[in-house]
Amino acid sequence: MNEIPRVHPNIKTTKLADLIEKFGAAIIENLISKELVNKIHEEVGPLVKNSPLGNDEFEGKMTTRTGGLIARSPLIRKLVANPLILSTIEEIFGNDTHLQVNQGQLIAVGPGESCQPVHRDQWLYGHYPFPGEYEAIINTMWALTSFTAENGATRYVPESHKLPEMTKFSRHKNRNRLDYAMNSEPETARFRPEDTIPILLDPGSMVIWSGKLYHCGGANKSQETRWGMNIGYTRGWIRQEENQYLSFTPDLLKEIDDDMARLLGFSRSTYGHGWAEDMRDPLDVARGRTGHQGFGDPLSAPNKLGHV
Ligand SMILES: O=C(O)CCC(=O)C(=O)O
Ligand SMILES: [Fe+2]
């Protein structure tokens with residue numbers, strides 16, 4: 001069985017991209033210090049405390065999901081723009097024009113939680129059968145507590161990212177939204193929790209995985225709460241999972257620089273995509289800047305990340 005490889009944070013971008021392609025995931029050990037983990041606990045602890053429990057078995061009825069994290073936590077903004085992660089995902093996405101954050105949420109899995117349905121994150125996009133080599137999502141989970149087999153560590157099915165999608169486009173008249181999102185009735189699911197193995201992480205380590213990898217949040221049979229910071233990335237032409245435009249009010253937008261704003265989706269992506277007013281750059285419009293741009297050439301326009 002092919003275990004997810006464990007790598008050091010000084011790994012080269014191309015090597016990390018290769019591992020994600022081969023194994024569907026990679027674990028970057030000790031990406032942030034225990035001190036930073038503690039600071040994040042202090043900063044987001046009150047938000048987590050006030051977050052509601054989930055409504056169904058996917059969200060997790062004993063789990064809280066604290067969203068708007070990037071808007072609400074300056075510490076987390078720094079992690080979202082981690083240069084190794086961004087450059088690796090840019091390499092995986094290839095020559096598409098823009099990489100953006102998909103969602104940023106803190107998933108706190110409480111004692112008594114059961115296993116989440118096994119899924120692919122790219123099912124977010126209505127089961128669209130993206131070609132095998134085309135990644136629509138790269139997701140990350142940063143361990144802010146230990147991730148153990150007992151406390152609800154994320155679990156995965158080895159090699160499952162290589163399986164073709166089983167899309168059945170139909171009217172889905174008699175299916176509820178969760179079954180629809182899961183692309184199968186529970187009894188016909190391709191994988192069940194017993195087909196998965198846990199991803200064990202120390203606090204400060206992180207796992208990065210393909211939107212095609214079958215995985216789930218694990219059951220929490222311990223007395224402790226598992227904290228994972230889940231930050232996902234998607235291509236600029238795809239609608240983001242979490243609506244950053246509503247989290248970042250014009251005032252809050254002033255707190256972040258242009259690179260960060262573009263990473264959060266205030267950007268054009270492919271040619272002619274995402275303009276506002278008279279075909280102007282959406283960030284100029286959001287910031288109240290003047291100037292006309294037109295569609296322009298998205299590869300030469302400043303809509304890529306600053307470090308590219
Ligand atoms: O909490 C976890 O470990 C995984 C959550 C997950 O996969 C999801 O919400 O898509
Ligand atoms: Fe997931």
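Predicted model: local features only at pLDDT ≥ 70, side-chain atom pairs only at ≥ 80, totals over all residues.

Biologist: How do strands of a sheet pair?

Modeller: Strands of a sheet pair through backbone hydrogen bonds, in either the parallel or the antiparallel sense. Here, an open sheet of seven strands runs in the order β1-β2-β8-β5-β10-β4-β3, and its pairing is mixed. At its edges stand β1 (6-7) and β3 (63-66), each of which pairs on one side only.

Biologist: In which sense do β2 and β8 pair, and over how many bridges?

Modeller: Strand β2, residues 25-28, and strand β8, residues 206-210, pair in the antiparallel sense over four bridges. Within this pairing, Ile27 has Val207 of β8 as its bridge partner.

Biologist: Which helices pack on these strands?

Modeller: Helix α1 (residues 13-23) packs on the sheet and touches β1, β2 and β8. The direction of α1 makes about 135° with that of β2. Helix α2 (residues 34-49) lies across β3 and β4 (99-109), and runs at about 120° to β3.

Biologist: What describes two packed helices?

Modeller: Two quantities are used: the angle between the axes and the distance between the axes. For α1 and helix α5 (residues 83-93), the angle is about 60° and the axes are 9 Å apart. The two helices α1 and α5 are therefore oblique to each other. The crossing in which α1 passes α5 is right-handed.

Biologist: Which residues make that contact between α1 and α5?

Modeller: From α1 come Thr13, Thr14, Leu16, Ala17 and Ile20, and from α5 come Leu84, Ser87, Thr88, Glu91 and Ile92. The residues of this contact divide into five nonpolar, four polar and one charged.

Biologist: What is the order of the sheet of three strands?

Modeller: This open sheet has the order β7-β6-β9, with antiparallel pairing. Its edge strands are β7 (197-198) and β9 (215-216), each pairing on one side only. Strand β6 (residues 155-156) pairs with β9 over two bridges, and the bridge partner of Tyr156 in β9 is His215.

Biologist: Which residues lie around ligand 1?

Modeller: His215 is one of them. By class, the shell around ligand 1 divides into three nonpolar, five polar and one charged residue.

Methods. Residues numbered from 1 in each chain as written. Chains lettered and ligands numbered in written order. Pairing = 2+ DSSP bridges. Contact = placed C-beta atoms within 7 Å. Axes fitted to C-alpha atoms, helices over the stretch in contact; angles between N-to-C directions. Parallel < 35°, antiparallel > 145°, perpendicular 65-115°, else oblique. Left-handed = near helix turned anticlockwise from the far one by under 90°. Nonpolar A, V, L, I, M, F, W, Y, C, P; charged D, E, K, R; others polar. Near = placed C-beta within 6 Å.
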